[in-house]
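Keep the viewer open as you read.

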Amino acid sequence: MASSAQILDTALQVAERSGWERLRLFDVAAALGVGLEDIARHYRDKDALVEAWFDRADAALLARARGADLPALTPAGRLEELLVAWLGALAPHRTLTGQMLRYKLEPGHLHLQVRGLMRISRTVQWWREAAGRNGVHLARIGEEGALSAVYLCTFAHWLRRDREDEAALRAYLRRRLHSLPLACLLRP
């Protein structure tokens, strides 16, 4: 029997050859030498693999939050470090990650689009928490909206570049984090 991590890793390997659209769960099962019921035990459908992939990125963000250096950074510095860690976890399969998002955004996949919106919200919430943001009421609402915009812009920027050095990514992210409306919200 394969573990959920083995299934995800194998699905990513198979999809790197075929593309996300052509990935079939029976191909993943065959590559692992297991039956579809073993896949179904861990993943209810192909989109659950996408969610697990983004869960790994969230886990990398949360692991980076334990860094001893993080508390000494500015609020914007903490947010930068955490989002770079999140993107770094996705980097081994950058092109495939973009394919996963296109799959979710197809017109007939409204149910996947709703899950995608929930995923954005969940990741932004973890990003705020990991950065130690403690705004409440209107300040929290404003910050969440601004951080969601920064997250989406930075993620889209990252996806459009096949390879970009980390310094350029950080420079882009810093510009987004220091934009006027958000800078007001990021006071300690």
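How many Å separate the centres of domain 1 and domain 2, taken over C-alpha atoms? The answer is 26 Å. Before going on, note that this is a predicted model, where local features need pLDDT of at least 70, side-chain atom pairs count only at pLDDT 80 or more, and totals for chains, interfaces and linings use all residues. Residues are numbered from 1 along each chain as its sequence is written, and side-chain values use heavy atoms, with hydrogens and water left out.

Domain 1 covers 1-44 and domain 2 covers 46-186, with bounds from an automatic or database domain assignment. About 1,500 Å² is buried between them, 66% of it from carbon and sulfur atoms; that's accessible area (1.4 Å probe) lost on putting the two parts together, summed over both.

The UniProt record, an unreviewed entry, puts "domain: HTH tetR-type" at residues 1-61; such annotations may be inferred rather than shown by experiment. That span is 75% helix and 0% strand, with its end C-alpha atoms 29 Å apart.

Now for helix 6, residues 94-105 (helices are DSSP runs of H or I, at least four residues, numbered from the N terminus). Its buried residues (under 20% relative accessible area, 1.4 Å probe, protein chains only) include Leu 96, Met 100 and Tyr 103. Among the elements covering the buried residues of helix 6 are helix 1 (4-18), helix 5 (75-90) and helix 8 (137-160).

How values were computed
Helices (H or I, at least four residues) and strands (E, at least two) are DSSP runs, numbered from the N terminus. The expected span of a helix is 1.5 Å times one less than its number of residues. Buried means under 20% relative accessible area, exposed over 50%, partly exposed in between (1.4 Å probe, protein chains only). Contact means heavy atoms within 4.5 Å.
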